[in-house]
Amino acid sequence: MGGNQTWITEVTLLGFQVDPALELFLFGLFCLFYMFTLLGNGVILGLICLDSRLHTPMYFFLSHLAIVDMAYASNNVPKILANLTFLYLAFAHIECLILVMMSYDRLVAICHPLHYTVIMNWRMCMALAVTCWVFSFLLALVHLILILRLPFCGPHEINFCEILSVLKLACADTWLNQVVIFVACVFILLGPLCLVLVSYSRILFAILRIRSGEGRRKAFSTCSSHLCVVGLFFGSAIVMYMAPKSHHPEEQQKILSLFYSLFNPMLNPLIYSLRNAEVKGALRRALYKQRHM
């Protein structure tokens with residue numbers, strides 16, 4: 001390394017390059033989004049814990065999704081660059097895998113209803129959840145180790161604190177990091193997305209064989225909310241990490257990062273509450289009990 005290069009130990013996160021008069025509005029808007037994210041996911045988590053009717057495998061995985069969404073959104077308040085990147089990656093991986101587990105739960109519930117309680121017992125649910133968390137943190141740890149081996153010598157400004165932006169600060173070859181990121185995207189994004197699509201293809205055929213119109217409506221209602229969440233999360237993640245970088249101007253990259261890490265966690269509880277009769281019923285019962293206490 002040349003003598004005129006200086007290693008950097010801290011960086012500056014750049015905001016949106018907008019008119020100063022608009023900055024206050026954006027600050028208030030993003031704060032509102034963040035509060036809605038915490039409130040919405042907190043309500044979902046609370047209802048699942050308090051209402052015994054929601055103590056099923058589907059809502060067990062949904063509670064994990066709510067926890068990840070709250071942590072994922074909160075993680076965007078930067079403290080320490082390495083730790084932040086590690087948690088950002090870990091929570092993103094967990095959400096991918098939890099969504100796969102939720103699609104598998106719906107597959108078993110609709111295609112094998114008589115064996116559902118046997119297959120999706122609490123031991124199986126706990127094992128799947130623990131596997132998602134452990135595997136995700138281990139994979140994020142691999143990324144972190146590969147990042148920490150790099151020398152960082154500038155520039156000292158990045159647009160968003162996620163792995164692609166951090167790699168731009170390195171003054172060494174990041175080829176290995178790029179390869180690992182691509183392989184991880186294949187296994188964590190494309191692989192799970194293919195499993196979800198296969199699961200829902202089988203679910204669709206099973207729903208079409210249901211003779212009862214009410215049964216079809218209930219099955220579609222249950223699955224449509226999950227499909228909306230899957231489409232938003234995987235769509236934005238694939239565009240952000242696997243699309244050619246020439247298609248990503250800097251400002252567009254910021255918007256994609258914001259949508260991926262803030263808007264999705266905020267929309268998830270809205271989608272599940274508005275599209276799910278059981279969640280709405282649990283909320284009505286909780287409000288009724290509160291009024292009559």
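**Contacts, pairs and patches in a predicted helical model**

Among contacts in the protein between residues at least 6 apart in sequence, 75% join residues that lie at least 24 apart. The model described here is a predicted one. Its elements number 10 helices and 2 strands. Read from the N terminus, they follow the order β-α-α-α-α-α-β-α-α-α-α-α. The protein has 293 residues, and 46% of them count as buried. Its accessible surface comes to about 15700 Å², with 70% of that area belonging to carbon and sulfur atoms.

Glu 95 is buried yet takes part in no salt bridge. The nearest side chain of opposite charge is that of Arg 106, 16 Å away.

Is Cys 111 buried or partly exposed? With a relative accessibility of 22%, Cys 111 counts as partly exposed, because the range called buried stops under 20%. Cys 111 and Arg 202 are 91 residues apart in sequence, while their C-alpha atoms are 7.7 Å apart in space. Apart from neighbours within four places in sequence, Cys 111 is in contact with Arg 202, Ile 203 and Ala 206.

Helix α7, made of residues 175–208, contains Ile 188. Ile 188 has a relative accessible area of 4% and is therefore buried. Along the chain, 94 residues separate Ile 188 from Ile 94, and the C-alpha atoms of the two are 9.2 Å apart. When residues up to four places away in sequence are not counted, Ile 188 touches His 93, Cys 96, Leu 97, Phe 135, Leu 139 and Phe 234.

Phe 60 counts as buried at 13% relative accessibility, and Phe 61 counts as buried at 0%. Phe 60 also pairs edge-to-face with Trp 122, with 5.6 Å from centre to centre and 80 degrees between the planes. Which parts of the chain does the pair of Phe 60 and Trp 122 tie together? Phe 60 lies in helix α2 (residues 57–74) and Trp 122 in helix α5 (residues 122–148), so the pair joins parts that are 62 residues apart in sequence. Trp 122 is partly exposed, at 44% relative accessible area. Taken together, Phe 60, Phe 61 and Trp 122 form one aromatic cluster.

How many salt bridges does a search of the whole structure find? The search finds 2 salt bridges. One of them joins Arg 285 to Asp 51, with 2.8 Å between the closest N and O atoms. This pair links distant parts of the chain, as Arg 285 sits in helix α10 and Asp 51 in the loop between α1 and α2, 234 residues apart. Arg 285 is partly exposed, with a relative accessible area of 27%, whereas Asp 51 counts as buried at 10%. In another salt bridge, the side chains of Asp 105 and Arg 106 meet at 2.9 Å, N to O. Both Asp 105 and Arg 106 are buried.

The surface brings the story back to helix α10. A nonpolar patch there and elsewhere on the surface is formed by Leu 32, Met 35, Phe 36, Leu 39, Val 43, Leu 283 and Leu 287, which together have about 620 Å² of accessible area. Helices α1 (20–50) and α10 (277–291) each supply at least two residues of the patch. Which helix gives the largest share of the nonpolar patch? That helix is α1, with 5 residues. Leu 283, one of the patch residues, lies in helix α10. The relative accessible area of Leu 283 is 34%, so this residue counts as partly exposed.

Notes: Residues numbered from 1 in each chain as written. Heavy atoms only, no water. Helix = DSSP H or I, 4+ residues; strand = E, 2+ residues; numbered from the N terminus. Buried < 20%, exposed > 50% of the residue type's maximum accessible area, 1.4 Å probe, protein only. Contact = heavy atoms within 4.5 Å. Areas by Shrake-Rupley, 256 points an atom, 1.4 Å probe, with all protein chains shown as cover. Lys, Arg positive; Asp, Glu negative; His and termini not counted. Salt bridge = Lys/Arg side-chain N within 4 Å of Asp/Glu carboxyl O. Phe/Tyr/Trp six-rings, centres within 6.5 Å; stacked < 30°, edge-to-face > 60°. Patch = residues over 30% accessible without salt bridge, like charges linked within 9 Å, V, L, I, M, F, W, Y side chains within 5 Å.
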